[in-house]
Amino acid sequence: MADLQIGDVVTVAIGPMWTTYAVSGFIEDRQRVKLVRKNSSGTYSSILSDPKRVRQISRPAFKSGDKVLVDGFKGEFMSFERGGDVARVMLAPRRRQFTGVGFIDISHAVVRLNYWMLVIENSKRLMEK
C-alpha cells in the first residue's frame, strides 16, 4: 500500500470484482480508509476498507487555472485551502431559465468543495472503470 492521501483514485476488491473509488478520509488513526464513488444514478456510495486492501491508481493534481467541472458547471481551479482537503473553484458566468421569469444571468462565483468531490467529477474516466 502506498501512502494514501485524500483525493487519490484507488481500486479495492469487493468480492470477485475490483471497484474504483476516491479516498475521502481516514478513521481510527489511518487504520481504516473511507472510499467514495459516484453511482450511475448521480448519488454517492462509500465504504470503509483496510488500507492494505487498496491499490492506488493515480493521484490527480490540479493547478491554478485548470478547467474543471463542479456539479456540471464549468469553472477554473483556483487553489487549495490550508490543509489541502478543500478546494476553491471560480465558476464561469452562466445563464439559467426560470419558469415565469425567463433567463437570469449568473455572474462568476467562487465555490468551496471537498477535494475528493472535485476528483470524482473531473476524473470520470478513472472512476468509471
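Let's start with R37: at 15% relative accessibility, this residue counts as buried. Buried means under 20% relative accessible area, exposed over 50%, partly exposed in between, with a 1.4 Å probe and protein chains only.

A word on the source. This is a predicted model, where local features need pLDDT of at least 70, side-chain atom pairs count only at pLDDT 80 or more, and totals for chains, interfaces and linings use all residues. Residues are numbered from 1 along each chain as its sequence is written, and side-chain values use heavy atoms, leaving out hydrogens and water.

Back to R37. R37 sits in strand β3, residues 32-38. Strands here are DSSP runs of E, at least two residues, numbered from the N terminus. What does the charged end of R37 sit over? The ring of Y21, 5.7 Å from its centre. For that call, NZ of Lys or CZ of Arg must be within 6 Å of the ring centre and within 35 degrees of the ring normal. R94 does this too: its charged end sits over the ring of F73, 4.9 Å from the centre.

Now the aromatics. Rings of Phe, Tyr and Trp (its six-membered ring) pair if their centres lie within 6.5 Å; planes under 30 degrees apart are stacked, over 60 edge-to-face, the rest tilted. The count comes to 5 aromatic pairs. One of them is F77 with F80, edge-to-face, 5.1 Å centre to centre, with 65° between the planes. F77 is buried, at 3% relative accessible area. F80 is partly exposed, at 36%. F62, F77, F80 and Y115 form one aromatic cluster.

Last, strand β10, residues 102-106. I104 lies there. I104 is partly exposed, because its relative accessible area is 34%.

How values were computed: Helices (H or I, at least four residues) and strands (E, at least two) are DSSP runs, numbered from the N terminus.
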